[in-house]
Amino acid sequence: MDEKPKMNKQRGGGGSGPKIAVDLIDERPRKHHMLPVWFFIGLILLTYGIIIFWTGIYEISHPPATVLANLHAPIWWGGLLALIGALYILMYRPRRH
Amino acid sequence: MTLGFGLLHLSLAWLLAPHSSRVTTLSPHAVDFAIIAIYFAMVIGIGVYLKKYTKSGKDFFLAGREMTAWVAGLSFVSANLGALELMGWAGSAYQYGILAAHWYWMGAIPAMLFLAIVMMPFYYISKTHSVPGYLQLRYGQATSGLSAVCFAVMTLLMSGVDMFAMALVMKVMLGWNLNFSIWVSSITVGVYVTLGGLFSAIFNEVVQFFLIWFGALLIPILGLVEAGGWSGLVARIHQNFPQQDFTHLWRGLGHFTDNPMGIHWTGIVFGLGMTLSFGYWTTDFLVIQRVIAAKDIRAAKMAPVIGSFFKMAVPFIVILPGLLALSLLPYHLVPQSAVGSAPGLHSYNEVLPLMLARYCGPGLLGLGVTALIAGFMSGMAGNVSAFSTVWTYDLYRAFIRKGAPDSHYLSMGRWCTMTGVVLSIGAAYLVMQFASIMDYVQALFSFFIAPLFGTVLLGMLWKRITGWGAFWGLLAGTVSSVSMFTLVKLNPRTLALVALSTHAKAMAENMYRALWSWVLCVVVTVAVSYVTQPQPVESLQGLVYGQTELPSEGHLPLWQRPIFWAGVALLVFLFLQWVFW
């Protein structure tokens, strides 16, 4: 069974009635240093971006039988993925504390 | 997905039909397989990495309650973005035009914002682990147990249906072996959820969210380039289908016969917008669990608001490809029943594979297929993690073994996750043997969700509602929904009673059935509550409006307040209705 909500303390909220035991905004530091999910997103986007970009380069000489192949979507889409991935990795990479 | 009820059936009917020779089979290259393999390695890797952070029941079942608003919000939307939903709604957009977008806008946004602003504080402040957990606190074990059993059974069955359907998609589109798809994808989900619990499910759902978008986004971009922008697209559709209106949301809803969906605006507004979608988005634990895991109450309120912006954008990758197919394909797609009547015909449900094959060569094709696999896995991980929590906390701990140490429940959660996967696989094979079960599984889920919304909402807003009122109301609403469904199956003429018109089609019937079952639930709940003993006020603190002091947001700057962003989302929603009126 779930714990009954306690009504005896307050963080970050106003009011004069019974107090509640939840945080409006919790800014306490985390007890651990888990890599943020954005780092993993960066990893997979960068990997995919590089693969798709190079596939696009190859397709310049071997164009696929798709509509609008002349736009070379894999080159700019792969490049965009790689760029976003690299940015995420840089911003959320593991750092020493 | 619950709201796709009726539609999933459409996709499955297509998948199950013996049409492998004429369907759009994609031709992946080595680079596409490499992209798919990297995806599997990544999701397993995330599970392995997160295992060391999953040390308690709170970590496993609630992701430590430390998700930020963005992570919880993206996960909230991702758990709902299944592969069949992507394919099914793209097909529906071809069939019904932009009317299909109602399921993403009217059928989601008001409910998500209501959840954020009105209901989320009660879920969060009550510190419940689940929706049945809230019902246990508010009403006691009878209502909670009924809700938990229904949810657990339905979740496993739905998971099996989704798994089977996904394997069929892979077989039809890529020629993959059915058993290989079922076992590899479900064991992968089982491994990463067992290792990292809800942490892992949420992390992977956010990754999957990005992959779904980047995998599917290129189709509308290139499609709009080819069509000459939105105006070019509309002009081409009018040219290709001069007698039909595919580009207006509301104009054709004045009468059942004026639109291809056979639905009236009251069905969309009251059945879909105010009952079914509220039932799904505010009480389906699969999505609520992602928000309960937020780190504080502001994040819990912001998560559905953030999710609502992305939900409003989903038609760009789902509905627009259907409209682009109406505009650009040099041939007309046909209903599944007409596919065999002449060679070379394609059904509505092939829209997404057709458009994928149209624009995506090697590499991009792998990314598109990965988007579909990611959609399936995020949905399944949602089912499995929610099942594990409800079984462990709301059934096992409540009825079988109370008071065990946390480590015991953590261990039970891990075993339960793998068991849930195995049972889902069993359900998938059951569905494979008896395909007609699928209709009933989806219908059963929809039977329960609308009345549950009545039960939860009344409980949160009115202290006079009693445990017995809730129990009998929920039971009456669910039984009435089953009865209406059965009645129409046995005697189709009774459709005029349920859906107010003999012209109503399956989707309209669903909307009205949900509406009536909700009304009955509310009436019975209130009536029984008035003849039973009120609950002591002190037992309702933190659970009911008026007995719960909500933290004030008055000291926050405007841009940090959830209500402000909910208002912005509502304006965007209204703007979209106006633009596409």
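Which residues have the most contacts inside the largest nonpolar core? The views below are taken from a predicted model.

**View 1. The largest nonpolar core, around Tyr39(B).** This core has 209 residues, and those with the most contacts inside it are Tyr39(B), Tyr123(B) and Ile373(B). Helix H9 of chain B (residues 178–216) gives the most to the core, with 19 residues. Beyond its neighbours within four places in sequence, Tyr39(B) is in contact with residues of chain A, Ile44(A) and Tyr48(A), and with residues of chain B including Gln208(B), Leu211(B), Ile373(B) and Met377(B).

**View 2. The aromatic pair of Phe209(B) and Phe310(B).** The structure holds 44 aromatic pairs over all chains. In this one the ring centres are 5.2 Å apart and the planes lie at 90°, an edge-to-face arrangement. Phe209(B) lies in helix H9 and Phe310(B) in helix H14 (residues 297–313), both of chain B, so the pair ties together parts 101 residues apart in sequence. Phe209(B) is buried, at 4% relative accessibility, whereas Phe310(B) is partly exposed, at 25%. Both belong to an aromatic cluster that also includes Trp38(A), Tyr88(A) and Trp213(B).

**View 3. The aromatic pair of Trp230(B) and Phe580(B).** The ring centres are 5.4 Å apart with planes at 75°, so this pair is edge-to-face. Trp230(B) is in helix H11 of chain B and Phe580(B) in the segment after helix H23 of chain B; the pair therefore ties together parts 350 residues apart in sequence. Trp230(B) is partly exposed, with 35% relative accessibility, and Phe580(B) is buried, with 16%.

**View 4. A nonpolar surface patch on chain B.** Leu461(B), Trp462(B), Tyr530(B), Val531(B) and Tyr545(B) make a patch of about 560 Å². Leu461(B) lies in helix H19 (residues 437–461) and is partly exposed, at 38% relative accessibility.

Technical notes: Residues are numbered from 1 along each chain as its sequence is written. Chains are lettered from A and ligands numbered from 1 in the order in which they are written. This is a predicted model: local features need pLDDT of at least 70, side-chain atom pairs count only at pLDDT 80 or more; totals for chains, interfaces and linings use all residues. Side-chain values use heavy atoms; hydrogens and water are left out. Patches are made of residues with over 30% relative accessible area and no salt bridge: like charges are joined within 9 Å, nonpolar side chains (Val, Leu, Ile, Met, Phe, Trp, Tyr) within 5 Å. Accessible areas come from the Shrake-Rupley method with a 1.4 Å probe; for residues, only the protein chains shown count as cover. A salt bridge is a side-chain nitrogen of Lys or Arg within 4 Å of a carboxyl oxygen of Asp or Glu. Helices (H or I, at least four residues) and strands (E, at least two) are DSSP runs, numbered from the N terminus. Buried means under 20% relative accessible area, exposed over 50%, partly exposed in between (1.4 Å probe, protein chains only). A nonpolar core is a set of buried Ala, Val, Leu, Ile, Met, Phe, Trp, Tyr and Cys residues joined through side-chain atoms within 4.5 Å. Contact means heavy atoms within 4.5 Å. Rings of Phe, Tyr and Trp (its six-membered ring) pair if their centres lie within 6.5 Å; planes under 30 degrees apart count as stacked, over 60 as edge-to-face and the rest as tilted.
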